[in-house]
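Subject: Structure for you to look at

Hello,

Here is the structure for you to open. Please keep it on screen while you read my notes below.

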Amino acid sequence: QYLSRIADHQHLNVFTEVYADEARCRADELDTSRATQTATPGRLHGMVIGIKDVLSYAGHDLRAGSRILDGFEAQFTATAIERLLAEDAIIIGRQNCDEFAMGSSNENSAFGPVRNAADPTRVPGGSSGGSAVAVQAGLCLASIGSDTGGSVRQPAAFCGVVGLKPTYGRVSRWGLVAYASSFDCIGPIANTPTDAALLLEVMAGPDEFDSTVSSQPVDTYASPLEREQPARIAYLIDGIESEGVSPAVREATQRAIDTLRAAGHVVEPVTLSLLKHLLPTYYVLTTAEASSNLSRFDGVRYGHRATEGVTDLISMYKKSRTEGFGPEVRKRILLGTFALSASYYDAYYTKAQQVRRLVRDETERVFAQYDFLIMPTTPTPAFILGEKSADPLQMYLADIFTVQANVTGYPAISIPNGTDPNGDGPALPIGLQLMAPPFKERALVTMAETYL
Ligand code: GLN
């Protein structure tokens, strides 16, 4: 069923590779083992999952949406994917994404843009655009994406599905192509918070291959918590009142606040004094980390190597990288190199690290008083393809509400929150974001599943 749906939805450009034969074989094997009762069925028995093209899967190509990885095949399997397979999931294919997960619209992929199934003239969001549309269009039951500044939540919001970014360090990053290592999180995209939680339960937990992974015990995220008292919920005033927030998003967010109040929760407004510093902080730090992480793509160790006009080793590096990386990735490597250069390091990198700490402190102060913080996932619904391509600052604003969770490492979920009727066009999904303190994913999912 999924394979035929994939064939019918080629125009959305979701999958860069479909493992048709392999997936069918595995499904047969799982059916046989069930019928003959040779093994206890895993917790994800037969669940059909797609993976973003930044996750290593041994014996399969890996491109990270980039030409620089042309011809590269993964040598090992990401811990998160290994764990899904161990619970009998079926991996159906590799999903299109922005190059090295840099983008908010999936227009930065070397394999062409992904289209939003609600309106194919619009972007799906990014960078896990293919992964979100795959769930939206029913091309698999769930997807695994990565979220460095919103890449799971923002496309989930644009596509009317659920995206969960866990606490930093909850899921091992082993086998995830690095963008900004102190921000990167692997996270599920699914139809319901409970499905996303089940995938998190399976993927989470200690791993000897990632030294930043947490040793906190993994909770049963998919089974709801009993709640004895009303929750204390803060909502971000800017999420409602700020100029950039579209009227439909504002109304939808207000309705969610009213629903939560009607359910007996305490819902109060808060401000974040550092809100306007979030994106600059995020972009200084992530480009700095990216410039270092992406230095390994040098034409020698992986993928594409330039041959024409190459005279010596340095010219081979330069030509390979110039030909292999797309414009957004090149721009970010330059920005990050600048921020880390000897004369500007203190002015940019050190300062951004200090602001990062202040953002965390301010976020901790909010959560000293509240159990959750809510706001729209994005200021507007999905925009038209090409609309923001010429204006990077406008594009970066799509992440204004999502980056806080990555700057601080807090967990957050985006859930569908109605639609923008959008005049004569097709209705466009709107997302609501809930954030919770570190390792409170179970409470987060319970709130998302039960009250909204
Ligand atoms: N859109 C943001 C960026 O371009 C976030 C991307 C992500 O989370 N990977 O950096």
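First, a term: a residue is buried if 20 or more other C-beta atoms lie within 10 Å of its own, exposed if 12 or fewer, and partly exposed in between, with C-beta atoms placed from the backbone. Another term: helices (H or I, at least four residues) and strands (E, at least two) are DSSP runs, numbered from the N terminus.

Two notes on the source. This is a predicted model: local features need pLDDT of at least 70, side-chain atom pairs count only at pLDDT 80 or more, and totals for chains, interfaces and linings use all residues. Residues are numbered from 1 along each chain as its sequence is written.

**The whole chain**

The protein chain has 15 helices and eleven strands. Of its 452 residues, 54% are buried. The C-alpha trace spans about 70 × 65 × 50 Å along its principal axes. The radius of gyration, taken over C-alpha atoms, is compared with a globule rule of 2.2 Å times the number of residues to the power 0.38. A compact globule with 452 residues would come near 22 Å, and the protein chain agrees with 21 Å.

Now contacts. Two residues are in contact if their C-beta atoms, placed from the backbone, lie within 7 Å. Take the contacts between residues at least 6 apart in sequence: 74% of them join residues at least 24 apart.

**The annotated site**

Which residues does UniProt list for "active site"? The unreviewed entry gives Lys52, Ser127 and Ser151. They are spread over 100 residues of sequence, yet they cluster in space, with a largest C-alpha distance of 10.8 Å. A caution: UniProt positions follow the numbering used here, feature names are shortened, and annotations may be inferred rather than shown by experiment.

Lysine 52 lies in strand E2 (residues 48-52). Is lysine 52 buried or exposed? It counts as buried because it has 32 C-beta neighbours inside 10 Å. Leaving aside neighbours within four places in sequence, its contacts include Gln95, Cys97, Ser128 and Gly145.

Serine 151 sits in the loop between strand E4 (142-147) and helix H5 (153-159). Serine 151 is buried too, with 36 other C-beta atoms within 10 Å. Not counting residues up to four places away in sequence, serine 151 touches Ala101, Gly126, Ser127, Ser128, Gly145 and Ser146.

**Strand E4**

Six of the six residues of E4 are buried, so the strand is largely enclosed by the rest of the structure. Both faces are covered. Ala142, Ile144 and Ser146 are buried on one side, and Ser143, Gly145 and Asp147 on the other.

Two strands pair if DSSP finds at least two bridges between them. E2 and E4 pair in the parallel sense over three bridges. There, isoleucine 51 has isoleucine 144 of E4 as its bridge partner. E4 and strand E6 (residues 185-190) pair in the antiparallel sense over five bridges. Serine 143 stands opposite isoleucine 189 in E6.

**Helix H8**

In H8, Val249, Ala252, Thr253, Ala256, Ile257 and Leu260 are buried. They lie on the same side of H8, because they cover an arc of only 140° around the axis. That arc is of the directions from the helix axis to the C-beta atoms. An α-helix has 3.6 residues a turn, so residues three or four places apart point the same way. On the other side of H8, Pro247, Asp258 and Ala262 are exposed. After H8 comes glycine 264, with a positive phi near 100°.

Best wishes
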